[in-house]
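Biologist: Could you walk me through this model and tell me what stands behind each label you use?

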Amino acid sequence: MKKLDINQLININEKRGLPRTYQFKQFIRFFTLFLSILAIGYAVWVILQKVDADSSRFTKMVPFIIIFLALNTVLRNLLTLNAITFTKENIIFKFLAKKKVVIAWNSIHKIVLNDGKHKTIGIHHQNQSENEMKIFEFSMSFPNMLEILNSIAEMCPKAEYDEFIANVILSEEEKKWE
């Protein structure tokens, strides 16, 4: 794990420039999808070619278990957050098999940590088309989370933060010390 220099987080949007994209390593994501689809194909082949009425119960069940686990992996990789793009006007959350979510900077009101079974970041924002408050959640396990949170805080200085997020992002006083 590489060590993070605190100076990199100060004025990160100015230093790194916009637009900027953070994403999961594409090779790993597509390799996992490929292996999962291959496992599903092999399990279907085993069911159609090797399993018959005389096969043991174990031989009949294992291909279905493999299909279930591989299908779970495929769906998780297709439906979870794949990339976050920062632009001057908004933040864009992209998925492989879902519609992207675009949130304007001026519509973000609050950012909180949702501390459930899976730790997620919740962005409370005003949906401009429907004029209602919405919450978009994404996993804390996304790469470069400190940079992402500090970039969002820089672009939304008036947003409210819960205790955890307020401790993670650099405050104006901390920026002056560096």
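This is a predicted model: local features need pLDDT of at least 70, side-chain atom pairs count only at pLDDT 80 or more; totals for chains, interfaces and linings use all residues.

Biologist: What makes a residue part of the lining of a pocket?

Modeller: A lining residue has an atom within 4 Å of a point of the pocket. The largest pocket holds about 370 Å³ of space. Its lining has 17 residues, and the closest to the centre are Thr 80, Leu 81, Phe 138, Ser 139 and Ser 141. Helix 3 (57–79), strand 6 (119–127) and strand 7 (132–139) each give two or more residues to this lining.

Biologist: How do the residues of that lining divide into nonpolar, polar and charged?

Modeller: There are seven nonpolar, five polar and five charged residues in the lining of the largest pocket.

Biologist: And what lines the second largest pocket?

Modeller: That pocket has a volume of about 280 Å³ and a lining of 15 residues, with Val 101, Val 102, Ile 103, His 125 and Asn 127 nearest its centre. Strand 4 gives the most, four residues, while strand 6 and strand 7 each supply at least two. The lining divides into six nonpolar, six polar and three charged residues.

Biologist: Why is the contact between Lys 119 and Asp 115 called a salt bridge?

Modeller: The rule asks for a side-chain nitrogen of Lys or Arg within 4 Å of a carboxyl oxygen of Asp or Glu. The side chains of Lys 119 and Asp 115 meet at 2.2 Å, N to O, so the pair passes the 4 Å cut-off. The count by this rule comes to one salt bridge. In general, side chains of opposite charge can pair when their charged atoms come close.

Biologist: Are those two partners buried or exposed?

Modeller: Asp 115 has a relative accessibility of 55% and counts as exposed, because the cut-off for exposed is over 50%. Lys 119, at 42%, is partly exposed, since buried would require under 20%.

Biologist: Why is helix 4 described as largely enclosed?

Modeller: Eight of the 11 residues of helix 4 (residues 145–155) are buried, so the rest of the structure largely encloses this helix. The buried residues are Met 145, Glu 147, Ile 148, Leu 149, Asn 150, Ser 151, Ile 152 and Ala 153. For the protein chain, 35% of the 178 residues count as buried.

Biologist: Which residues form the nonpolar patch on the surface?

Modeller: The patch consists of Phe 27, Ile 28, Phe 31, Phe 34, Leu 35 and Leu 38, which together have about 660 Å² of accessible area. To belong to a patch, a residue needs over 30% relative accessible area.

Biologist: Finally, how many helices and strands does the protein chain have?

Modeller: The protein chain has six helices and eight strands. From the N terminus, the order is α-β-α-α-β-β-β-β-β-β-α-β-α-α.

Terms used:
Residues are numbered from 1 along each chain as its sequence is written. Side-chain values use heavy atoms; hydrogens and water are left out. On a 1 Å grid over the protein atoms alone, a cavity is a set of points where a 1.4 Å probe fits but cannot get out, and a pocket is an open set with protein on both sides within 12 Å along at least five of seven lines; lining residues have an atom within 4 Å of a point. Grid points are joined across faces, edges and corners, and a volume is the space filled by probe spheres set on the points. Ala, Val, Leu, Ile, Met, Phe, Trp, Tyr, Cys and Pro count as nonpolar, Asp, Glu, Lys and Arg as charged, and the others, Gly among them, as polar. Patches are made of residues with over 30% relative accessible area and no salt bridge: like charges are joined within 9 Å, nonpolar side chains (Val, Leu, Ile, Met, Phe, Trp, Tyr) within 5 Å. Accessible areas come from the Shrake-Rupley method with a 1.4 Å probe; for residues, only the protein chains shown count as cover. Buried means under 20% relative accessible area, exposed over 50%, partly exposed in between (1.4 Å probe, protein chains only).
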